[in-house]
Amino acid sequence: MESTNSFRLRKQALKPIETARSSASQRDEEVSKNNGQRTCEEEPLSPSSRLYHEPNFNVYVIAIMGCKTKIYPDVVKANLGHSLLRHPRFSSLQVENNGEMRWVPTEVDLERHVIVPELDQNMDSPDKFLEDYVYNLSKTTIDKSQPLWDLHLLNLRTSESEAVGIFRIHHSLGDGTSLLSLLLACTRQMKDSKALPTIPIRKKKDKKSDRIGTWRILLRFWFVLQVFWNTVVDVFMFIATALFLTDTQNPLKGLPGSESTPRRIVYRTVSLDDIKFVKNAMNTTINDVAFGMTQAGLSRYINRICENKKDGGATETNNLPKSIRLRSNLLVNIRPAPGIQALADMMEKDAEVKWGNWIGYVLLPFTIAVREDPLDYVRNAKAIIDRKKRSLEAFCTFYIADWALNLFGIKAASALSHKVISRTTMCFSNMVGPVEEIGFCGHPMAFLAPSSYGQPYALMINFQSYIDKMTIVLSVDEGTIPNPHQLCDDIVESLQVIKDAVLTRGLA
């Protein structure tokens, strides 16, 4: 659903012949006059970007950044002019002309984009104020007369930070992973002001060279067979979901029209070392543990609600229905996301980088059950994720959506996306963050909590790691989930229960 063309920050096509020195001097002067941003050519919006302007798919990405010191707005504005504004998407309008949406470069007024509200420093509950501020922000949209992003700077001391920055970016500017990578490319390590953040990369397992050739061929054949079968089943489930198959009605499933409701965004921070402790003891991945503790937390939350509906009790008995179909819908960008170094080079050196959404869908089933052994939640999570790794579901669903777009147009593609998402219950993601302390425009960061609003489901759960912490972020429709703090606590407490089970069984 996206052109394969890459883009870069480009100078205007026709200019007088200049010497290298005069050209560089004029270019630097032009950059200086435009807050550091470079001019770029007009280009049409991709189908994926247009999709996010449909009334039922008007999604905004939110990134809450806690800082350890007071934020100085003038310093932030000066740095944005030489970093973020050099990305064409952040210095362009989205203009419709003769039925076609185009990116049109414009000069960015940072006074309009960087918002610094006056705050009462003696307020009773700063954490509640911040939560309400983001909630009220989710009721609004950004006017299309300006580039579709803004930054709110709150010098507000909360329980986890001295000040908070809130980035709000329309999803048409890019997918969540790429946008987060772009923001991290605007940061630097606190111990080295020129060094970019370090993001861990999963190491590939060494291939065993001592296997007999015949066994290797058989194993590869079995792997291909698994991929083929899993892909067929997954594509069938995707088509069935688009046509009729919906999740079981449950306390987490939103009502029609959830995309237009404001969102309550809450978060908790846990120790990443605790998650790694479970991972190492059970020989799994961090993603397996995050998924497992989420399954445990959701099961605990739904069981309590079912229990209260029966007799108002508060025991640990199983009150869940015999069968609950509860799935998470992941929108996956199958185009490899640009790395932080590539994005930094684009902003600093006018380098070329590929950008854009190739959206595929992955339907991830959650097992809702009360288990005697808490470790079974992690074992089940590993089995589900391992199976999804042996499937080409994201690629196939991307081509199905692309076929619908080319054959029936953007309205049909939007309807397809909305049906698939609204017939599932939630969204779940786990993103890897820097392993050392970083600073945004020189302000040391305490935590990072990404989320979004405008999506057609009532619950979104994001895990975001940073140094030795893991932040769990929930974006909820309070009409469906009136007590999001309890749900967040259930997920956090489930990690402790799983860790205690590891210690009890001597698996460490």
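Tutor: Met-65, Leu-180, Leu-183, Leu-184, Thr-187, Met-445 and Leu-448 line the second largest cavity. A cavity here is a set of points, on a 1 Å grid over the protein atoms alone, where a 1.4 Å probe fits but cannot get out; lining residues have an atom within 4 Å of a point.

Student: Is the model predicted or what? What cut-offs apply?
Tutor: It is a predicted model: local features need pLDDT of at least 70, side-chain atom pairs count only at pLDDT 80 or more, and totals for chains, interfaces and linings use all residues. Residues are numbered from 1 along each chain as its sequence is written, and side-chain values use heavy atoms, leaving out hydrogens and water.

Student: Which element gives the most to that lining?
Tutor: Helix 6, with 3 residues. Helix 6 (176–185) and strand 14 (443–453) each supply at least two. Helices (H or I, at least four residues) and strands (E, at least two) are DSSP runs, numbered from the N terminus.

Student: How is the lining split by class?
Tutor: The lining has 6 nonpolar, 1 polar and no charged residues. Ala, Val, Leu, Ile, Met, Phe, Trp, Tyr, Cys and Pro count as nonpolar, Asp, Glu, Lys and Arg as charged, the others, Gly among them, as polar.

Student: New topic. At what angle do helix 8 and helix 14 pack?
Tutor: About 45 degrees, axes 10 Å apart. Axes are lines fitted to C-alpha atoms, for helices over the stretch in contact (heavy atoms within 4.5 Å); angles run from 0 to 180 degrees between N-to-C directions.

Student: Which residues of helix 8 make the contact?
Tutor: Asp-274, Ile-275, Phe-277, Val-278 and Ala-281. Helix 14 brings Leu-495, Ile-498, Lys-499, Val-502 and Leu-503.

How values were computed: 1 Å grid on protein atoms, 1.4 Å probe; cavity = no way out; pocket = protein on both sides within 12 Å on 5 of 7 lines; lining within 4 Å.
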